[in-house]
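Here are my notes on the model, as numbered points. Please read them with the structure open.

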Amino acid sequence: MVNALEQAKREIEQAASQVSRPAEPAHTAVATSKSTKANTTARQVAQTLLDEQQRTLPLFPLLESAMPNHLARSSLFAPIKSGTRQIHEKALMASRGDASIYYSGHQLDMADNDVFLQALRVAQGERLGDSIYFNRAQFLREIGRTTGKSQYEWLQESFYRLTSGTVLIQTKRYKAALHLIDGYALDEDTGEYWLRMNPEIIKLFGHMEYGLVDMHTRLRIGRKQDMAKWLQNYVATHEEGKIHVISAQLLQLWSGSTGRLRDFQARSLLKALQELERLGLIRDAQIRGDGKVSWLRTPHEQLDQPSA
């Protein structure tokens, strides 16, 4: 796909050079005809290039995936407790005021979010809507899971939730209704899956409205630290090297966490902040006396990088 885009760019440059080449006075009609044809070719190639870009996800760094901002700042994926999964019917998800997100289907947890993030990595460089093949064992290892019958069954169930659930999202820039994964199937003999991503999902990544999620660091988040995973997504949607201040009440609401606010602050939120600090994703985190939470997002170049 990248080679095809580069070839298209070269064709545009060649066509453009033909358009700008001065014609000989004795052959004005022929030169004009050639210029017009070259100009048309350049427009056609440019449109083809644009169409290809609109059918592929933005390219992420090798060890990263991405979360659309509006999804990361909502309760669509939530740090829910085991055994408390609900079934939604066009339920309004908690989110910031700049987006309305409705969801129908089995509630999605942070393990489902891991699958979604890895599916986006698998789809890198592929045309949205096409079948994308991958090995299920490798897929599980990439999200820190073991392989075996129970994990294969769990992955199948997660794919079912992501393909059967329907998301309706409306922002100032776009409106979309889609399954987060459009379809999937498994060859039991080879262990090879294919999946398809809905072309509509590209709307969620437009205008750079997404945060890069460091998957290497995500694998190091401790067990039963789902709030830390949700907070990692949220942190990723804000500027590096800047102090972020937000109320604890809003973090509880947007993360879909339930219970008393003071318990949320003292337990899951505090543990999540400490975990992200331990991993170096944030610094100087504090839950303030006025009910606000603040931290500084560590610049990417200062993060621990995996050894070669």
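1. Start with Ser 255. Leaving out residues up to four places away in sequence, Ser 255 touches Ser 75, Ala 78, Pro 79, Met 227, Trp 230 and Phe 264. Contact here means heavy atoms within 4.5 Å. Ser 255 sits in the loop between H9 and H10. Helices (H or I, at least four residues) and strands (E, at least two) are DSSP runs, numbered from the N terminus. Ser 255 has a relative accessible area of 0%, so it is buried. Buried means under 20% relative accessible area, exposed over 50%, and partly exposed in between (1.4 Å probe, protein chains only). A polar atom of the Ser 255 side chain lies 2.8 Å from the backbone oxygen of Leu 251.

2. A word on the basis. This is a predicted model, in which local features need pLDDT of at least 70 and side-chain atom pairs count only at pLDDT 80 or more, while totals for chains, interfaces and linings use all residues. Residues are numbered from 1 along each chain as its sequence is written, and side-chain values use heavy atoms, with hydrogens and water left out.

3. Now the whole chain. The protein has ten helices and 14 strands. Of its 308 residues, 45% count as buried. Among contacts with a separation of 6 or more, 66% join residues 24 or more positions apart.

4. Which residues lie nearest the centre of the largest pocket? They are Pro 79, Ile 80, Lys 81, Asp 226 and Met 227, out of 48 lining residues. Strand S3 (87-92), H4, helix H7 (215-218), helix H8 (226-236), helix H9 (248-254) and helix H10 (261-278) each give two or more residues to this lining. H10 provides the largest share, six residues. The pocket holds about 1,600 Å³ of space. On a 1 Å grid over the protein atoms alone, a pocket is an open set of points where a 1.4 Å probe fits, with protein on both sides within 12 Å along at least five of seven lines; lining residues have an atom within 4 Å of a point. Volume is the space filled by probe spheres set on the points, which are joined across faces, edges and corners.

5. H8 deserves a look. Ten of its eleven residues are buried, so H8 is largely enclosed by the rest of the structure. Met 227 and Trp 230 are among the buried residues of H8. Both also touch Ser 255.

6. Check H4 next. In H4, 13 of 13 residues are buried. Asp 109 caps the N-terminal end of H4, with a side-chain oxygen 3.1 Å from the backbone nitrogen of Ala 111.

7. Within H4, look at Gln 118. Its relative accessibility is 6%, so Gln 118 counts as buried. Beyond four places in sequence, Gln 118 touches Phe 139, Glu 142, Ile 143 and Met 215.

8. Last, Ser 100. This residue lies in strand S4 (residues 99-106). Ser 100 is partly exposed, with a relative accessible area of 35%. Apart from neighbours within four places in sequence, Ser 100 contacts Leu 168, Ile 169 and Gln 170.

Methods: Polar contact = N/O pair within 3.5 Å; in protein donor to acceptor, adjacent residues only side chain to side chain.
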